[in-house]
Structure formats: C-alpha cells, structure tokens
Amino acid sequence: MAVENSGMLFYTEHRYYGLSLPFGNESYRLSNLKQLSLHQSLADLAHFIRHQKSNDPEMEDSKVILVGGSYSGSLVAWMTQLYPDLIAASWASSAPLLAKADFFEYMEMVGKSIQLSYGNNCSLRIEKGFKFLVKLFDGDEIQELLYNLNGCVGYSPKNPLDRAAFFNGLGNYFALVVQSYSASIPRLCETLMSLDSSDELAFIEFLKLLYSEGRRSSDCQDFGYSSMLELFTEDSVQSSETRAWFYQTCNEFGWYTTTKSKSSASQAFANQVPLGYFEQLCQDAFGAEQTAHQLAHGVEQTNSKFGGFGFNQSERYAQVIFTHGELDPWSALGQQKGDQAIVLTGYSHVEDLSSIRVMDSVQMNLAKLRVMSFLRRHI
C-alpha cells in the first residue's frame with residue numbers, strides 16, 4: 001500500500017519495549033515503571049509524527065496513515081481518536097477496544113474456534129479431558145499424572161494458586177494454537193483424535209506428548225504459581241518485556257483469560273481459573289498497592305476515556321477501519337459490526353497484516369482491497 005500511494009513506512013517502538021528504555025537497565029524497577037502507560041505511548045507517537053513533519057520539508061503536508069495489529073491495533077484506533085489533527089486514517093487489525101479484567105470470553109472463543117475448525121468431537125474430547133483433570137485434583141489422585149508429566153516436586157495440588165496455574169498454563173497452550181496458528185487447529189485435533197478411543201485417556205496421552213519436550217530442556221516441569229510469578233518479577237531471567245506488559249494489564253486493561261464463566265460455552269476449560277488468580281499475580285509482582293481495586297479503576301478509566309463498546313463510530317472512529325478473524329479470541333472485545341468492520345471467515349489473530357498473496361482466500365484479498373480503498377479515500 002505504501003508503494004502504490006508513494007508513501008514512506010515508519011515502524012515505531014512502544015516505550016519500555018525493545019530498545020526504548022527510558023531508565024536503561026533499571027527501567028523495569030517498580031519505581032521506574034510509573035512512566036509506562038497507554039497515554040505516554042500515544043504522546044510519544046504524536047511527538048514522533050510532529051518531529052518528522054517539522055524536520056523534513058517533503059513531509060510537512062503529508063497525510064499520516066496508521067496501521068497496527070492486536071494491542072497496536074488498539075493504539076492506532078485510540079490515537080486516531082485522541083489526535084485527529086495528526087492522523088488521516090487508520091487500519092486496526094484484531095484490535096480489542098474494551099478494557100475488561102475478567103475476560104472469560106477469550107477462552108470461550110478458543111473452544112468455539114476449535115469446534116468451528118474441526119468439529120464437535122475434538123472440542124468435546126478437550127472438555128471431557130479437562131473435567132477428568134478436575135476429578136483427579138478433587139480426588140487427590142493427580143500426583144501420578146504429575147509424575148508422568150515430569151512435574152517438579154514442589155508443586156502443591158491442594159494450593160488454589162498452584163491449581164489455577166496448572167489449568168491456566170494448559171489452557172494457554174490451546175489458546176496459543178487458536179490465536180497464532182489457525183491452520184494448525186485441525187492438526188492439533190487430528191493428533192488428539194488419533195489417540196485412545198476413550199476421551200479421558202486420549203487427553204492424558206495427549207498431555208504426555210505435549211509435555212515430553214520439556215524433559216529434554218529442563219530437569220522438571222514447573223506447573224506452579226511461583227514459576228508463573230517469576231515471569232513478572234524484577235529478578236526474572238526471562239524477558240523483562242513480559243513484566244512491562246503485565247504491568248500495563250494490571251493498571252489499564254485487565255484482559256485476563258479466566259475460565260470462571262457461568263456460560264456453558266466455557267465448560268471446555270473446566271472453570272478452574274478465576275480472576276482472583278490474576279489479581280494475586282498483580283499484587284505479588286508489583287506490591288501491596290497493586291490491589292484488585294486498582295485494576296478495576298484502571299479498566300474503568302481506559303473505557304471512560306476511549307468509549308469501550310459504547311461509542312458512535314461516526315463520532316469516535318470515523319477514520320478507522322477494523323478487521324477481525326472469525327476464529328480470533330480477541331475479536332470478542334473488538335468492533336465487528338458496521339460498514340467499517342470486516343470479519344474474515346476461517347482466520348484468526350492479525351492474519352491479514354501482509355501484502356496481497358495468491359495463496360490467500362478470495363475473501364481475504366477482497367478484504368485487503370477494501371481496506372486499501374478506505375485508506376485511499378482519506379489521503
């Protein structure tokens with residue numbers, strides 16, 4: 001699109017990610033994370049645009065088009081609303097617009113997408129498998145399976161946080177496949193369905209296959225709460241960007257993939273991961289002041305500022321076109337209706353952010369042409 005419209009492409013980095021560290025190696029200390037926020041990031045982008053226009057005469061009168069996917073899709077939509085004088089139009093792919101702490105719809109969509117992609121037999125096998133795991137936990141019979149999965153000795157099945165961590169980690173595997181690799185959903189199901197004729201035993205065999213890789217790379221599989229918390233603490237050897245993102249979710253968005261829904265659609269993942277699990281992670285990672293009330297307040301502030309779902313597109317997002325994959329769990333919090341929204345059958349998260357390709361479906365390429373037409377009208 002840039003080539004066809006004689007445009008220049010810029011890629012901007014969000015503060016606290018990559019090389020954009022305002023306090024160097026100490027940027028992830030709690031006292032220094034205060035400068036990490038949605039509004040600071042949007043102000044950075046506004047400054048960047050103004051700087052480019054003021055320092056390059058050829059760009060002084062250029063129109064600015066924003067393109068982003070997932071959280072950056074949310075950013076371009078919110079940026080277009082907040083700084084309409086700087087932005088001509090935007091394309092937001094797979095963008096959640098509603099901040100929500102208890103995002104139970106995400107895992108519901110994971111289950112629905114597996115069913116849409118392969119059929120009821122696969123999703124039913126997953127549902128029965130998760131229920132069987134709950135039975136093993138409730139009957140204090142899970143230790144044998146944990147041993148067979150090479151689980152670490154310190155794991156406590158009776159600890160509610162350890163239990164939630166186990167189910168959250170397992171659910172995340174299915175979510176990752178659905179969100180990131182829609183073409184891999186059938187392969188996952190084919191593997192699962194090729195195992196034992198009993199749904200419960202087949203699921204256990206699948207878990208053994210899934211976690212066998214860990215035996216080659218670590219001494220044991222740590223399914224516990226403490227290993228999850230380690231991802232978000234200052235002393236973690238993992239990527240500090242994980243801590244930065246978790247800080248943003250604890251203060252502005254929520255977006256926690258719980259499974260504590262009353263809806264029957266969430267039964268595939270057995271209702272074992274409550275919001276309290278994530279609220280405790282926030283507090284343990286960022287201190288006593290990081291309360292459930294703080295999370296709720298941040299979510300309310302974000303929605304109050306940008307409208308959440310309660311917006312009139314002609315007033316707030318008239319210059320934005322939204323695209324979503326039908327299978328994408330994030331689409332539950334996005335704009336899917338109206339003339340400026342496209343839902344792509346059979347696709348998941350940000351699968352449309354590439355040039356037109358012959359291997360794409362006709363619907364996908366028509367959607368890209370429609371996006372291009374929309375943006376061109378604003379140039």
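The model is predicted, so local features need pLDDT of at least 70 and side-chain atom pairs count only at pLDDT 80 or more, while totals for chains, interfaces and linings use all residues. Residues are numbered from 1 along each chain as its sequence is written, and side-chain values use heavy atoms, with hydrogens and water left out.

The two domains come from an automatic or database domain assignment. Domain 1 covers 2-97 + 307-377, and domain 2 covers 100-301. Their centres, taken over C-alpha atoms, are 29 Å apart. Domain 1 puts 30 residues into the contact and domain 2 puts in 25, where contact means heavy atoms within 4.5 Å. The size of an interface is often given as the accessible area lost when the parts come together. Here the buried area is about 2400 Å², with 66% from carbon and sulfur atoms. This is the accessible area (1.4 Å probe) that two parts lose on being put together, summed over both. On the domain 1 side, Tyr 28, Leu 327 and Pro 329 lose the most area to domain 2, together 26% of what that side buries.

The second largest pocket has a volume of about 260 Å³. A pocket is an open set of points on a 1 Å grid over the protein atoms alone, with protein on both sides within 12 Å along at least five of seven lines; a cavity is a set where a 1.4 Å probe fits but cannot get out, and lining residues have an atom within 4 Å of a point. Volume is the space filled by probe spheres set on the points, which are joined across faces, edges and corners. Of the 17 lining residues of this pocket, Ser 37, Asn 251, Glu 252, Gly 298 and Gln 301 are the closest to its centre. Helix 13 gives the most to this lining, seven residues. Helices are DSSP runs (H or I, at least four residues), numbered from the N terminus. The lining has five nonpolar, nine polar and three charged residues. Asp, Glu, Lys and Arg count as charged; Ala, Val, Leu, Ile, Met, Phe, Trp, Tyr, Cys and Pro as nonpolar; the others, Gly among them, as polar. Both domains give residues to the lining of the second largest pocket, so it lies between them.

The structure also holds one cavity of 30 Å³ or more. The largest cavity has a volume of about 50 Å³. Its lining includes Met 107, Phe 130 and Thr 257. Helix 6 (residues 160-180) supplies the largest share, four residues.

The structure holds 12 salt bridges. One joins the side chains of Arg 125 and Asp 199 (2.7 Å, N to O). Arg 125 lies in helix 4 and Asp 199 in helix 8, 74 residues apart.

Methods. Helix = DSSP H or I, 4+ residues; strand = E, 2+ residues; numbered from the N terminus. Salt bridge = Lys/Arg side-chain N within 4 Å of Asp/Glu carboxyl O.
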